[in-house]
Amino acid sequence: MEIKIDANFYWKLFKSTFIVSAFTVGGGYVIIPLLKAKYVDEYHWISDEETLNMVAIAQSTPGIMAVNTAIMLGYRMAGVLGALTGMFATVLPPLIIITIVATFYDLIAHNETVQLVLKGMQCGATALLLNVAIDLLKKQFEKKLILPIVIILATFVANVFLDVNIMALVAIDGIIGFFLLRDKKYS
């Protein structure tokens, strides 16, 4: 889809990324379903595959994954100005929230209501991640591509049951992808 880059686009990018960032509770991976819902499903700015590729690169580069992802998505859609817009929109909500929390830390640190709200938010974030994982796995099954399914399942088993470091698995999966998925019949 052709994206019309104008002032309205940058405002829409900033506003949507700001909102996504404000509700990304539970770590960088939570941003994936939120970005997918906004940029892929609602705005149709990028594809599922592009999103996954950018997230894979963002998680393997130094820095905060949510910020790296927003920078890459912004750059993909609108160059350097899009990257800067994505970065500021992603960093601003946590900066505001951390400033407020730091200011009132003593009042909220041991507040039972705050603790319960955070527990509920963690449950919601877990459900979002599980939903994305199931959705991505379904898409691989629909394409009937055995090798990507094997890579997904092997990576899961190696990490969860064999306690293999996730960064090592990402590197191994990248190497497998480079050598085996170049052949279009596997991907």
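**Helix packing and aromatic pairs**

Modeller: This is a predicted model. In it, the axes of helix α1 (residues 7-22) and helix α2 (residues 31-42) come within 10 Å and cross at roughly 150°.

Colleague: Are α1 and α2 roughly parallel or roughly antiparallel to each other?

Modeller: The two axes cross at roughly 150°. Angles over 145 degrees count as roughly antiparallel. The relation of α1 to α2 is therefore roughly antiparallel.

Colleague: Which residues in α2 are met by α1, and how many residues of the contact are nonpolar?

Modeller: From α1 come Leu 13, Ser 16, Thr 17 and Val 20, and they meet Ile 31, Leu 34, Leu 35, Lys 38 and Tyr 39 in α2. By class, the contact of α1 with α2 has 2 polar residues, 1 charged and 6 nonpolar.

Colleague: How many aromatic pairs are found in the whole structure, and is the pair of Trp 11 and Phe 14 stacked or edge-to-face?

Modeller: A search of the whole structure gives 8 aromatic pairs. In the pair of Trp 11 and Phe 14, the rings are 6.1 Å apart centre to centre, with 20° between the planes. Planes under 30 degrees apart count as stacked, so this pair is stacked.

Colleague: Where do Trp 11 and Phe 14 lie?

Modeller: They are 3 residues apart, about one turn of the helix. Both lie in helix α1.

Colleague: Is Phe 14 buried or partly exposed?

Modeller: Buried means under 20% relative accessible area. Phe 14 has a relative accessible area of 22%, so Phe 14 is partly exposed.

Note on methods:
Residues are numbered from 1 along each chain as its sequence is written. This is a predicted model: local features need pLDDT of at least 70, side-chain atom pairs count only at pLDDT 80 or more; totals for chains, interfaces and linings use all residues. Side-chain values use heavy atoms; hydrogens and water are left out. Axes are lines fitted to C-alpha atoms, for helices over the stretch in contact, and angles run from 0 to 180 degrees between N-to-C directions. Helices (H or I, at least four residues) and strands (E, at least two) are DSSP runs, numbered from the N terminus. Angles under 35 degrees count as roughly parallel, over 145 as roughly antiparallel, 65 to 115 as roughly perpendicular and the rest as oblique. Contact means heavy atoms within 4.5 Å. Ala, Val, Leu, Ile, Met, Phe, Trp, Tyr, Cys and Pro count as nonpolar, Asp, Glu, Lys and Arg as charged, and the others, Gly among them, as polar. Rings of Phe, Tyr and Trp (its six-membered ring) pair if their centres lie within 6.5 Å; planes under 30 degrees apart count as stacked, over 60 as edge-to-face and the rest as tilted. Buried means under 20% relative accessible area, exposed over 50%, partly exposed in between (1.4 Å probe, protein chains only).
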